[in-house]
Amino acid sequence: MATTVNPVDIQPRQVANKSEKRALLDAIRMTLKIQSPAVRHNTQTFNRNRYVAVAKLADYDQLKDRARQIKEQAIADSPRLLKQLEESVVRNGGHFYLAPTAEDANAYIRRVLVEHSVKLVVKGKSITSEETRLNHTLEGAGIKVAETDLAEFILQVADEQPSHIIAPALHYSRERITALFKRKFDTDLPLDTGEELTKFAREKLREQFIEADAGISGANLIAADSGSIMLVESEGNIRMTTTLPPLHIAIAGIEKVIPSREQFGTFLELLPASATGQPLTSYVSILHPPLKSPPFAAPGKQEQPREFHLVLLDNGRSRMREDPVLREALYCIRCSACLNSCANFETVGGHAFGGETYSGGIGGSWEAGTGKLMNARFAELCTACSRCVNQCPVRIDIPWLNENLRQRMNHAQPTSFARSLFGELTGSAPADTSAPLQKQFFGNYHTFAKWGTTTAGLSNSSLDSPLIASAMEKVFGVDHRRELPKFPEKSWVDLHREEHRNGTSPSTHLPKLALFADVFTNFGYPERGMAAIRVLRKCGYDVELTPSLADGRAPLSQGMIDTARQQATAMLRMLRPYVESGRLLVVVEPSVLAMFRFDLRHLMEDQTFFAKLRDISFEPMQLVWKASQEFGLDLSATFPAERWHHDPRLFYHSHCQQRTCNAASETIDVLRACGFDVVTSSVECCGMAGSFGYKADYYELSMAVGEDLFSQVRAAEEENQPRILVASGISCHEQIWAGLKRPVHHPVEVLDQIAI
Ligand code: SF4
Ligand code: SF4
């Protein structure tokens, strides 16, 4: 990507307020223009380390369950725990203040500091103090604030906002820090290595620690039973902040309070592994303030007695606790795994994918909960790809939170006659007709696909017209550079009906299958669907194709939750007899498989039926692998790779939701067992993510995310020897085609072509 602007000249505060859509788009464009490789490099390093670290936690899933349970109970019991904590803090000799608002918290802290005649305060990293804009208040009272976390120090020097939870200056490369320090400190010192930069910053910070009259820290967790505070860090600056000056003030949200100190252990295992990928951070402090040891007194200064204040911030959290959706965000332990695993975040970072304080997939809920709903507009950048879901140590369903925020924003829009009429014609639920036309278009794609297939000749020639492409962009926001899938003359269901008339009879010795005719395959890629039927039958399965009904995925990702529920209810009614007759459910399109595995639970009342659906739904290649592993199918004899008309070297990209469903590895196993030489992609998402990449607003971002995948393909094709491109999702096909202009195959199409 072109770097045409000097990053040092950019002031990200200019793009910080994204409550207006225009501002969000400007932020994305600016970030894409100046994007240094630092954000992608740093987030991907965190990801690699996290994957290794959590794999070493033998009881990772149980730890996550335990952490979730502790947080759920703590939030449910929050009023009682706060009372208990107050007693504990006072019993320990500290002061306790529950601040209803950010202004109250700031006023309290300012008053305490003024009463102690504090001139300089050292601060450890605290996102809660970012939320309250504490530094601004203190500086207004003439109190100097020194950020002591290295990244926060860099940002204070640069006068910038953090762009990441645990690595606030993640967007800074070493070269950029060097340029900043040289410019701001007017120094000729060599600052070209990490060591030189760190030494320089350390010397500056040491002076502050020695001079400081007070220290302000955050808290990772606070135990109600003892008043103990858990702090994890890598640099030791928090320990110095909390132990050197006589006055210590800790500020934290009320959601950080858990019942007991014993429960810290679960989080001490999960937090560093999920955050930095370390088994444990370099410094773990479990304080029981005020400390008993004497504080540090600089030469010439009189020794002061220790004093401790705990400031707990509400600022909307109690409202979040009452909110059935936003309550889940209170379980967040701020590890940042969801930011790092998000392909959009990896590409633009937290200044674009973030609000006034909070960033990333979880950030929207926090902005809406502690500020205004429209501060969460950047949550539109969540494509619901679900890559973050399995990474969250407290199992927060981040895409579901963002879909709800989108619904609230849709409902907050003034409705219009055009929107209502359009919604009525296309099938939106009444509550969703206030959604913008673009969302209603993508949310009711099945209606257009049905119309388009009925009039395929006319529809397809219209799609080729530049005039229509321009109109589609103006009215529905579909980017003119994207090619919408052509409509087939016959849908998958029609093709199958004809083949059935031709008398193809299935084998019967394996489990019986119901192949769900998802809308995208039915009206977009019917031949792919037929290939899936032929391959599964070749394996020996009895396959029955269901009617094609919308499943709710398309409106769900637009925040049209009522429409999604309406579609899902009709589909489930249709599927019930197949499920009750004992058939396994097969789904070609991975985003629809994710509906069966995860999302339908939010849309259906019958949770027993949901659990059944979740457990019996599969991706086709999982069943091919099952046939080989459990029923003795010889893959290399049935689907020999040498029958492929070219070199059997292949590049495979699995769909993001397919990986979240743990339904990707079997495809690779099958292809290798057939004899293919398989290289796989390691990107979290191709950037297309369903309708996201089609939207004119996000086209550039989508292609910038895709660039990572395109370059992995190029790198895999040593000496210009092309590999067969294979991907499992329709949107991945579109994206790879857009980026490389090369045909892409679905795994079932590959097997279908080589079947004996
Ligand atoms: S669901 Fe995907 S796009 Fe949304 S926050 Fe999670 S990783 Fe990012
Ligand atoms: S939502 Fe989960 S993954 Fe994201 S920061 Fe919070 S705890 Fe970590």
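The lining of the largest pocket comes out at 25 nonpolar, 14 polar and 9 charged residues. This pocket, found in a predicted model, has a volume of about 1100 Å³. Its lining counts 48 residues, with Lys125, Asp149, Ile166, Ala167 and Pro168 closest to the pocket centre.

Next comes the second largest pocket, at about 690 Å³. Here 21 residues make up the lining, and Lys64, Val389, Asn390, Arg395 and Thr660 sit closest to the centre. By class, that lining splits into 8 nonpolar, 4 polar and 9 charged residues. H2 turns up again, supplying at least two residues, as do helices H3 (60–76), H28 (590–603), H29 (607–616) and H32 (656–660). The protein is divided into domain 1 (50–318) and domain 2 (492–754), with 46 Å between their C-alpha centres. Even so, each domain puts at least three residues into the lining of the second largest pocket.

As for the ligands, ligand 2 has 13 residues around it, and the closest are Cys332, Cys335, Ser336, Cys338 and Cys392. That shell holds 11 nonpolar residues, 1 polar and 1 charged. Around ligand 1 are Cys342, Gly361, Cys382, Thr383, Ala384, Cys385, Ser386, Cys388 and Pro399, a set with 6 nonpolar, 3 polar and no charged residues.

Terms used:
Residues are numbered from 1 along each chain as its sequence is written. Chains are lettered from A and ligands numbered from 1 in the order in which they are written. This is a predicted model: local features need pLDDT of at least 70, side-chain atom pairs count only at pLDDT 80 or more; totals for chains, interfaces and linings use all residues. Side-chain values use heavy atoms; hydrogens and water are left out. Domain bounds come from an automatic or database domain assignment. A residue is near a molecule or strand if one of its heavy atoms lies within 4 Å of it. Ala, Val, Leu, Ile, Met, Phe, Trp, Tyr, Cys and Pro count as nonpolar, Asp, Glu, Lys and Arg as charged, and the others, Gly among them, as polar. On a 1 Å grid over the protein atoms alone, a cavity is a set of points where a 1.4 Å probe fits but cannot get out, and a pocket is an open set with protein on both sides within 12 Å along at least five of seven lines; lining residues have an atom within 4 Å of a point. Grid points are joined across faces, edges and corners, and a volume is the space filled by probe spheres set on the points. Helices (H or I, at least four residues) and strands (E, at least two) are DSSP runs, numbered from the N terminus.
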